[in-house]
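Hi,

Here is the structure I promised to pass on to you. Have a look at it first, and then read my notes below.

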Amino acid sequence: MGFAEISQSDILSWVLFLPLAFAGLLAVLPGNAKALLRWTAFISSATVFVVSLDLWFCFLPGEAGMQFVIHKPWIEQWGVGYHLGIDGISLLLVLLTTFLTPVVILSTWSGVEKNVKGFLILLLVLETGMLGAFMALDLVLFYFFWEVMLIPMYLLIGIWGHERRIYAAIKFVLYTMVGSLLMLVAFIYLIWIGQQSLGYYTTDLIQLYRVAVPYHAQFWLFASFALAFAIKVPMFPFHTWLPDAHVEAPAAGSVILAGILLKMGTYGFIRFAMPLFPAASQAFTPVIMTLAVIGIIYGALVAMVQPDLKKLVAYSSVSHLGFVMLGLYTLTTTGVVGGVYQMLNHGISTGALFLICGILYERRHTRLIDQFGGLSSRMPLLAIFFLLATLSSIGLPGLNGFVGEFLILLGTYGSAHPGYVFFAATGVILSAVYMLWMFRRVMFGPLDNPQNQKLADLNIREVLVLLPITIMMFWMGLFPGMFLDRITPSVEKFISRYNSKLELAQPALPSSSPLEYRVVFTEPESK
Amino acid sequence: MMTEFLSISWNLLLPQLVLLSAALFLLLLAVIYRAGNSSRGPSAAGAILSLLGLGVAGFMAFAQCETVAGTFGGMLRIDPFSTYFNILILGGAALCVLLSVREAGELKAMAGEYYALLVFSVLGMVVMVSAADLLVIFIGLETMSLAVYILVGIGRDSESGAEGALKYFLIGAFASAFMIYGIALLMGITGSTRLEEIASGLNMADGGTLQLVAVCLVLVGFLFKIAAVPFHMWAPDAYQGAPTPITAFMAVAVKASAFAVLLRVLNVSLLPLADYWLPVMWTLAVLTMTVGNLAAIFQGNIKRMLAYSSIAHAGYLLVALASINPAAGGDDPAVAAVLFYLAVYTLMNVGAFGVIIYLGGGGRQMETLEQVKGAGFRYPLLGVAMAVFMFSLAGIPPTGGFLGKFYVFSSAVNRGLISLAIIGVLNSAASAYYYIRVTVQMYMRESEEPLPGLPFSVPLAVALLVALYGVFHLGLLPSDLITVADRAVLFLR
């Protein structure tokens with residue numbers, strides 16, 4: 001790629017901070033020049049995507065470890081470093097982020113008329129936050145970006161959302177804050193344990209991977225990590241913020257929220273909670289798999305009865321993210337790879353569905369399914385895209401969703417808990433039921449609502465919004481190999497690290513009784 | 001006698017002396033203006049003179065950053081710890097002077113006294129944080145307090161100001177009485193009022209109960225000044241009634257100096273009794289955080305809300321005090337955490353109050369949360385600044401507020417006080433609700449009436465820019481300040 005001037009080692013920093021720099025550029029443009037702002041934001045985010053493609057081409061597919069690593073001291077006194085790096089798992093999530101952002105920005109050109117400048121700035125700041133969270137290999141740095149994401153999303157929902165936007169925005173912030181602050185205490189505690197074992201303070205994830213955490217501590221640490229991430233995923237029963245946030249958010253906010261932000265939760269499990277505390281994770285496995293399966297079925301059943309289009313897609317997210325969690329906890333290569341792939345699929349297909357919800361809402365200012373009906377005769381182009389997104393979400397072979405779901409089911413069957421396959425497969429069937437039923441009610445049937453008579457089909461801009469996503473659905477469905485090749489080595493490394501640490505933790509079990517362990521931790525610190 | 005006088009190293013006292021002369025000049029200025037019958041009042045001149053005094057004193061203090069020495073026969077001690085706080089207090093006070101220009105202008109002829117009192121109270125503070133003797137501490141504390149009592153009620157037409165000042169004064173007088181009684185008892189037990197000698201006296205004395213009573217009485221005096229629950233009753237009224245710049249001054253400089261002295265007394269004199277006061281600090285921290293945050297949630301008045309918020313922040317600082325490790329040598333991270341936190345806290349509070357003052361520039365007094373409706377888009381820069389300060393107060397990165405909390409809670413976890421850290425973060429989550437509500441009002445609700453244009457104010461803009469820069473600097477590149485704080489702490493014990 002023609003980016004010789006960007007030295008290979010700095011590329012992650014470039015991708016990370018370019019959106020922020022472009023947000024700064026937008027800030028100095030005049031606020032009433034809407035077209036200028038929109039074009040600038042779109043070109044900016046597209047530039048970021050092009051730069052990030054360099055990651056794809058320079059990534060060594062066979063390599064399991066971190067690549068493009070940047071490691072500089074930041075707050076040396078606390079052992080905090082500016083440590084970035086991506087492996088096969090985060091590479092694709094980073095690319096998903098840089099891919100969806102320009103698409104989302106293009107989609108808001110007609111939907112957002114109020115305070116365009118602020119809206120676009122927040123989207124770009126949000127992009128930096130999300131990219132940072134996927135790239136960070138340091139606990140404090142990760143927490144930084146994790147929280148930085150919160151503010152723009154909160155403002156996007158609260159300022160540009162629908163009727164109950166303030167309630168939804170505050171609920172979103174408070175849910176996330178409670179989880180993440182408890183995780184912060186766990187971070188600090190883990191750093192302290194690391195200091196006991198390594199002899200120096202470090203917040204570096206790679207170094208903390210090496211620390212054998214006593215089982216008793218693992219239990220609580222894992223519980224608080226898992227709570228924070230489970231809220232974000234969201235896993236049943238921590239999902240109640242999600243329908244509110246999705247329904248009230250503007251279309252662009254929903255796409256980012258479903259497409260990328262929810263992946264933070266599952267990514268947190270695979271990058272932090274599971275490899276750091278495998279013994280506790282193992283103990284929690286039945287709980288998490290059960291909750292995942294409940295989420296799959298509960299999300300599907302609730303989605304089925306939703307009268308509101310966005311709420312339906314929101315509950316379908318609960319169901320699909322349940323699949324991802326199930327895949328991660330199979331701890332087989334097939335299942336985990338499937339889980340990671342399903343994260344990407346969900347970003348693509350649900351992103352497309354929310355974009356379509358937004359397009360419909362712009363035309364009709366309603367999200368209620370029974371207000372539509374027979375739209376396919378008026379909007380044939382939209383019908384095609386909508387059908388493809390629906391089928392991708394269901395998991396039709398040939399489209400992306402199938403690959404992920406199939407790998408997860410296969411992995412679950414080959415795992416230590418094959419019984420869950422039955423419930424998960426039920427979820428697949430249910431998802432076909434509610435998605436196809438929804439599609440029929442919106443697109444087919446008589447065109448009897450007079451307000452739907454004059455609906456215009458997609459314009460060129462909207463086609464350009466949906467086309468890249470649809471291409472990705474086919475690409476990821478027909479040629480999954482090039483993606484899986486990059487994911488698999490990192491997943492294998494994840495599993496082998498998990499298992500080897502699990503074995504290490506076993507003999508340590510008896511010696512980590514609470515009493516003895518306390519003696520260790522009240523010793524005065526020595527520098 | 002003469003030789004003794006000369007043996008005092010006056011140069012160590014340069015910051016204090018500069019402040020004293022600045023305050024006296026300011027008084028003179030007030031008289032001159034009154035004699036000249038000027039209708040405008042000495043607001044601008046007073047502000048410039050105060051800034052000059054604070055600046056020169058700050059420069060003198062900065063020149064002492066390597067100094068470790070005692071003077072006045074050991075009653076005063078200049079070390080990096082006192083220098084750290086001197087600079088912090090002088091800086092905070094200078095920012096408060098910048099915030100004061102308009103409000104002081106409205107006082108007309110009283111403006112001279114306003115600045116004189118402000119500088120006098122700063123003088124009390126810098127004496128207090130450099131003191132190595134309980135009596136000197138008491139003198140500094142009273143100098144500071146008397147000036148602040150008057151400043152709270154300086155708007156003579158304001159009923160709430162008078163109410164706040166009276167409450168503050170009456171309860172403050174009680175607290176001072178408790179404290180001086182405690183000092184007397186300690187003197188009786190240990191035979192000294194020197195902080196270091198008290199420590200050795202306490203080691204030997206075994207009259208347990210009396211000793212603890214004396215310590216309690218002294219601590220009550222400090223806890224009153226930092227507005228720890230249950231000694232906080234005065235704070236909401238005084239904060240609400242005072243002119244807003246004085247509210248900011250109380251929230252930052254008064255609190256910082258009281259914490260500085262509390263740290264010194266706990267770490268120098270009362271370390272032998274750590275087993276007694278550490279659990280007390282634990283309890284007070286929990287009470288102060290929880291009461292402060294819960295009460296703040298229900299406030300409709302923005303100044304009152306920030307008053308409860310500052311109570312809650314005192315609670316977070318008490319978490320660090322409860323995490324002090326008596327066995328650690330000089331480098332106790334808990335103490336350094338207090339130093340770092342207070343710096344961040346000063347900046348973000350000055351910023352928050354500064355925005356409120358700025359918003360009040362359009363001819364309407366900022367009182368309720370309702371009044372900031374729609375302000376975010378009407379005044380984009382002020383809106384962004386306020387949002388940053390609110391997020392910093394809530395402890396959200398990339399602001400200094402986050403790293404401050406991280407530092408404090410780390411020190412708690414490092415001492416095994418995990419439950420305290422968990423209570424702290426849950427409080428922090430609760431506090432997010434009311435800080436975020438300010439941004440909700442600013443950005444997500446529309447104002448019923450059109451918002452007036454605001455006159456541009458250079459001093460306010462400078463103060464806000466400094467605060468904004470500081471909050472981000474400490475949130476992104478905190479290493480330098482951490483190094484300074486770590487070093488300052490070394491000289492405490």
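Two residues count as being in contact if their C-beta atoms, placed from the backbone, lie within 7 Å. Please keep in mind that this is a predicted model.

With that cut-off, consider the contacts in chain A with a separation of 6 or more: 80% of them are accounted for by residues 24 or more positions apart. Chain A holds 20 helices and two strands. Its radius of gyration is 23 Å, close to the 24 Å from the globule rule for 527 residues, so chain A is as compact as a globular protein of that length. The C-alpha trace of chain A spans about 75 × 55 × 45 Å along its principal axes, and 59% of the 527 residues in the chain count as buried.

Now to where the chains meet. Chain A brings 30 residues to the contact and chain B brings 30 residues. On the chain A side, the elements giving two or more residues are α5 (139-160) and α6 (165-198), and α6(A) gives the most, with 14 residues. By class, this side of chain A has 22 nonpolar, four polar and four charged residues.

Finally, the core. The largest nonpolar core has 411 residues, and B:V122 and B:Y341 are those with the most contacts inside it. Helix α14 (residues 333-359) of chain B supplies the largest share of this core, 22 residues. Which residues does B:Y341 contact, leaving aside its neighbours within four places in sequence? They are B:Y316, B:L317, B:A320, B:G404, B:Y407 and B:V408.

Enjoy exploring it!

Best wishes

Notes: Residues are numbered from 1 along each chain as its sequence is written. Chains are lettered from A and ligands numbered from 1 in the order in which they are written. This is a predicted model: local features need pLDDT of at least 70, side-chain atom pairs count only at pLDDT 80 or more; totals for chains, interfaces and linings use all residues. Helices (H or I, at least four residues) and strands (E, at least two) are DSSP runs, numbered from the N terminus. Ala, Val, Leu, Ile, Met, Phe, Trp, Tyr, Cys and Pro count as nonpolar, Asp, Glu, Lys and Arg as charged, and the others, Gly among them, as polar. A nonpolar core is a set of buried Ala, Val, Leu, Ile, Met, Phe, Trp, Tyr and Cys residues joined through C-beta atoms within 7 Å. A residue is buried if 20 or more other C-beta atoms lie within 10 Å of its own, exposed if 12 or fewer, and partly exposed in between; C-beta atoms are placed from the backbone. The radius of gyration is taken over C-alpha atoms; the globule rule is 2.2 Å times the number of residues to the power 0.38.
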